[in-house]
Amino acid sequence: MKKFVIFSLVGVAVIGILVAVIIYVQLKKTKSFSPEDQVVFEKGDVRIEVFYNRPYKKDRAIFGALVPYDQVWRTGANEATTFETNTDLKIEGKVLKKGKYSVWTIPRRDSWTIIFNSEYGQWGINSKGEANRQPQRDVLSVDVKATVQDRVFEQFTISFEKSGDETEMVFAWDKTVAALPFMF
């Protein structure tokens with residue numbers, strides 16, 4: 001009886017390890033199509049970090065197609081994009097308190113809504129393929145202008161650019177660029 005219990009436990013452990021390895025390999029494969037990246041903005045004592053996954057265009061129509069207009073988007077791929085600041089930021093006359101947030105967007109043809117949500121670490125979409133965001137946890141939401149240009153960004157990119165007294169967090173993919181100005 002003892003041997004049966006030991007063999008059963010070993011069998012369960014082996015199956016558990018195999019399942020874990022399969023899940024790990026599947027996640028690595030998924031992430032290879034949209035690799036992880038981190039962009040950091042630093043000026044003086046201010047530090048902002050954005051962690052996100054960068055999907056490729058791959059000859060696909062992006063905004064209005066793969067990423068539908070007027071629907072919440074996880075702003076990248078895989079996990080929800082995270083944004084962390086060590087200081088309060090002024091965004092469109094509103095204050096984003098220092099802390100860590102998930103970033104969601106609602107792309108439209110001429111504008112985007114940028115949403116900061118207090119929940120982070122979740123997968124970007126749920127089992128229904130919808131944004132995995134709890135709206136009641138939104139802490140700040142602003143609309144910004146979006147432009148279509150001739151240059152094509154093959155891979156989704158988030159960057160920071162200085163613009164006068166403001167800094168902009170820039171979102172670019174395909175031919176669309178949206179910029180969120182902020183001050184600290």
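The largest pocket in this predicted model has a volume of about 290 Å³. Of the 16 residues that line this pocket, L66, V67, P68, W73 and R74 are the closest to its centre. A pocket here is an open set of points on a 1 Å grid over the protein atoms alone, where a 1.4 Å probe fits, with protein on both sides within 12 Å along at least five of seven lines; lining residues have an atom within 4 Å of a point. Grid points are joined across faces, edges and corners, and the volume is the space filled by probe spheres set on the points.

Residues are numbered from 1 along each chain as its sequence is written, and side-chain values use heavy atoms, without hydrogens or water. Local features need pLDDT of at least 70 and side-chain atom pairs count only at pLDDT 80 or more, while totals for chains, interfaces and linings use all residues.

**Pocket lining**
- The lining of the largest pocket divides into 10 nonpolar, three polar and three charged residues.
- Nonpolar covers Ala, Val, Leu, Ile, Met, Phe, Trp, Tyr, Cys and Pro; charged covers Asp, Glu, Lys and Arg; the others, Gly among them, are polar.

**Overall build**
- The protein has one helix and nine strands. These are DSSP runs numbered from the N terminus: helices are H or I with at least four residues, strands E with at least two.
- Buried residues (under 20% relative accessible area; exposed is over 50%, partly exposed in between; 1.4 Å probe, protein chains only) make up 38% of the 184 residues.
- Among contacts (heavy atoms within 4.5 Å) between residues at least 6 apart in sequence, 55% join residues at least 24 apart.
- The protein exposes about 10800 Å², and carbon and sulfur atoms supply 55% of it. Areas come from the Shrake-Rupley method with a 1.4 Å probe; for residues, only the protein chains shown count as cover.

- Strand β1 (residues 36–43) pairs with strand β2 (residues 46–53) in the antiparallel sense, over eight bridges. Pairing requires that DSSP finds at least two bridges between two strands.
- The hairpin of β1 and β2 has two residues between the strands, and G44 there takes a positive phi near 60°.
- E42 stands opposite R47 in β2.
- Strand β2 also runs antiparallel to strand β3 (residues 81–85), joined by four bridges.
- V50 in β2 is the bridge partner of V39, and V50 also stands opposite F83 in β3.

**T176**
- T176 lies in strand β9 (residues 166–182).
- T176 counts as buried because its relative accessibility is 10%.
- Beyond four places in sequence, T176 is in contact with F63, W112, A146, T147, V148 and F171.
- T176 and I62 are 114 residues apart along the chain, yet 9.1 Å separates their C-alpha atoms.

**K94**
- K94 is in strand β5 (residues 94–96).
- K94 counts as partly exposed because its relative accessibility is 38%.
- Not counting residues up to four places away in sequence, K94 touches L89, L140, S141 and V142.
- K94 and S141 are 47 residues apart along the chain, with their C-alpha atoms separated by 9.1 Å.
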